[in-house]
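Colleague: I am new to reading structures. Please take me through one, feature by feature.

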Amino acid sequence: MDGKVEVVDYESFEKRYFPRVPDKSEPDELSTLRWSGALRPEKPKDAEEALATFKRWLKHADNDDNRAVKMWSGEPGYQVVVTGNRKDPTDKTKQRADLALYPTYAAPKATEPPKWSAVEDDPFDDDAEGFQPSGERRQGSLCQIMSYASLVFAHQHRKHQYIVVLLGEMARIVRWDHSGVVATEKFNYQQAPNMLSRFFWRLCHMSAAERGHDTTVQQVDSDSSDYELMRRRAENPLLAEGTKIELGQHARLLFSAALKQGPACKIRTRDDKGERCFLVGAPHFASPELAGRATRCYVAIDCSNPEGPFVHLKDAWRVDHDGMEREGDVVRYLNEQEVKGVPTLVCHSDVEDQVTDSQEVWKLRHGQADPCPMKKHRHYRIVVEEVGMSMSRFKNALELIYLLATCIEAHRDAYNAGVVHRDISAGNVLIYVKEKVVDGQLVQERVGLLTDWELSKRTSAPDTSRQPDRIGTWQFMSAYLLNNPSAVVCIPDELEAFFHVLLFYIIRFLPHNCPNVGQFMHDYFDGFQSGIGPGQYYCGKNKQMAAQYGKIPLAGGADLLIYRAAPQSHASLIENRHPINMVLDEMLELFKARYTLLANPECPVERTSASARSASTKKFNAFYARYKHLKQKQEKEKLTSEKRAHLEKQARQLQDHDEVISLLGFFSVDDSLEWPEDDKIADQLISDFQSKKEYVATPEQETAPTPTIQGPRTRSLTLMNRAWHAAPDDGQWV
């Protein structure tokens, strides 16, 4: 969260986010507090007093959205529940807040007594730069509330959410959105309980949208006609006309699995003609990031064509900076230019006026002079025809190379049409199965699909940065871009990214001599080196070495070697070498040539003349001259004109898509190499390794303490509002 936190005074926070409720008088009970000292909900007496206090505060607090719930005829309003030992069975992380605010209709009926111990470690530091805590315990507290916020965004469709952090007798109110976080300064709720109670009372009078819910998403009830349609489409194949041959089985099976995972929802978006609705189950991909695009991907039913093919819906918070085109506009243009290997647009639109606010608070406090570290994100949806499958579903190494070559071809055609992708990553290259029925038989062709064009840029646009940091996915960016954050993305960088994608799948699914795949993934893809200043990060050593020296290093000094099959003995290693090693070696030679030239510019650095040296330097020279005979200075090997010409010829191949496709094809079509058909093995990456699909950020997100860190806890109260997945309904954690 480096640069993504802003702390403001309570009054400013109150005025901006929970102002006085019109035509409502605030009850006297808001000034009372039933417990004293630090709240410890694991103690029955504290829990009882806390619940009694919140009940008095929230008496008669309600809103029209809550009252409109048809399935509830009991007591209206909200209630706080002790949730310290209650787990959401669908949540693998098993995170739990101490207290949660629910609408009464959604509140759990029973709780187990919490057993967590109390701490008072503040997750923010009012005096530190960027309000980032430095102590390990306080960093752990920040991680803890970050994990709560991430879970709420994961389980609910939200624009923003609130968390209240109790720190002994002090408290903070925290607001999260996809740009960053705004928190109040600490205040003493024991001395001024109305500062805490007023927030809850006013929150319960807000509409669902004001509390942060995305009201363009509606849960589909299991007894509705929409749900019956979803169930029927999940179970019944879509048949080719006049046949019993199923088309789009992959999409149907994905949709069926998503419907079982739930919840079922109807999502509203728009196109040029008006509103469009889509029915979805659980997302098949959901980014866990807090500050960022927060992408979710769904297989969906188009309600305007309910019996037609499934479509793919992407829900994301796009970066909304001047000069940035919406992804749908780019895809439509590529479709008009008849670029193959890219998605086909169905519709796209921004989601109402849903836009982040944290960056605006930062600007109010810091002015416009300095660049804001928080990006403005706007909620956005795009729907395309193609439902692809992960590149990890490749059949063997030969097909993997072919699929990536077709993606490079799509990248070439888009570039020739005036668009550069700028975010080549493992998640953005997919397999798409083209299907047709010929003479009563289903014919399938598997090709690459280059997706996610939201970070793309017109080649005719000025070479200026439209975002305050790097563009792309850290794990797959070229070493040059990682070391030069302001550099413009060019073709060699994109082709290097394709190489990193190739390696990403090779190291996971082909046999090799790497003993620890998880560690390799961390070192090569997630690795980074810290700079001198805060927030400065550069390319990791392993990726840097591969690009500079043309070898992929392993622990212990060995280089990566790919096998046809798992070797049975040391003697079998030579004949067991996989032909894909030649592809890797040739690509690495091109990168080595490029980086050698970058490190050796033609114009030599001017050296200070001997006459210009200072008197002190001459004294040093005279002293060391007595030892000159013991060691001669080793001259750096000069780059001769012949050597430079050879390197330039190699490096020029990285300027040409066709040269790289030809290189891949040269080895693929060589029958003498005998490519194995059954070389793919089970994924060698341990199940708990998580590589982010995407983000435009520095790697501080990767190096922060994990959300599941064990140890001291900060008291937190969550405010929830629709109890999907048994999560507290209003999603605010205290």
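Colleague: What do the side chains of Lys376 and Asp320 form where they meet?

Modeller: The general idea comes first. Side chains of opposite charge can pair when their charged atoms come close. A salt bridge here is a side-chain nitrogen of Lys or Arg within 4 Å of a carboxyl oxygen of Asp or Glu. Lys376 and Asp320 form a salt bridge, at 3.7 Å from N to O. The pair links distant parts of the chain, 56 residues apart. Lys376 is in the loop between helix 9 (358-366) and strand 17 (377-384). Asp320 is in the loop between strand 15 (311-319) and helix 8 (327-336). Helices (H or I, at least four residues) and strands (E, at least two) are DSSP runs, numbered from the N terminus.

Colleague: What kind of model is this, and how are residues numbered?

Modeller: This is a predicted model, where local features need pLDDT of at least 70, side-chain atom pairs count only at pLDDT 80 or more, and totals for chains, interfaces and linings use all residues. Residues are numbered from 1 along each chain as its sequence is written, and side-chain values use heavy atoms, with hydrogens and water left out.

Colleague: Is Asp320 buried or exposed?

Modeller: Buried means under 20% relative accessible area, exposed means over 50%, and partly exposed lies in between (1.4 Å probe, protein chains only). Asp320 has 19% relative accessibility, so it counts as buried. Lys376 has a relative accessible area of 26% and is partly exposed.

Colleague: Which residues are linked in a network of salt bridges?

Modeller: Lys376 and Asp320 belong to one, and its other members are Asp272, Arg318, Arg326, Asp329, Arg332, Asp350 and Arg378. The count of salt bridges by this rule is 38.

Colleague: Which residue forms a salt bridge with Asp423?

Modeller: Arg293 does, with the closest N and O atoms 3.8 Å apart. Asp423 lies in the loop between strand 19 (419-420) and strand 20 (429-438), and Arg293 in the loop between strand 13 (285-286) and strand 14 (296-302), so the pair ties together parts that are 130 residues apart in sequence. Both Asp423 and Arg293 are buried.

Colleague: Which residue forms a salt bridge with Asp658?

Modeller: The partner is Arg412, and the closest N and O atoms are 2.8 Å apart. Asp658 is in helix 18 (residues 657-668) and Arg412 in helix 10 (residues 397-416), 246 residues apart. Asp658 is partly exposed at 40% relative accessibility. Arg412 is buried, at 18% relative accessible area.

Colleague: Now a helix. Which residues of helix 17 are buried?

Modeller: An α-helix has 3.6 residues a turn, so residues three or four places apart point the same way. In helix 17, Arg644, Leu647, Gln650 and Ala651 are buried. They cover an arc of only 125° around the axis, which puts them on the same side of helix 17. That arc is taken from the directions from the helix axis to the C-beta atoms. On the other side of helix 17, Ser641, Glu642, Lys649 and Arg652 are exposed.

Colleague: What do the buried residues of helix 17 pack against?

Modeller: They pack against helix 15 (580-599). A contact means heavy atoms within 4.5 Å.

Colleague: And strands? How many residues of strand 5 are buried?

Modeller: Strand 5 (residues 170-176) has 6 of its 7 residues buried. Two strands pair if DSSP finds at least two bridges between them. Strand 5 pairs with strand 4 (residues 161-167) in the antiparallel sense over 7 bridges. Tyr162 stands opposite Arg175 in strand 5. Strand 4 and strand 5 form a hairpin with 2 residues between them, and Gly168 in the turn has a positive phi of about 65°.

Colleague: How many bridges pair strand 5 with strand 6?

Modeller: Strand 5 and strand 6 (residues 181-184) have 3 bridges and pair in the antiparallel sense. Arg175 stands opposite Val182 in strand 6. This hairpin has 4 residues between strand 5 and strand 6.

Colleague: Last, what is the average pLDDT?

Modeller: pLDDT is the predictor's confidence in each residue, from 0 to 100. The protein averages 83, and 79% of the residues score at least 70. Over residues 111-120 the pLDDT is below 50. Over residues 691-715 the pLDDT is also below 50.
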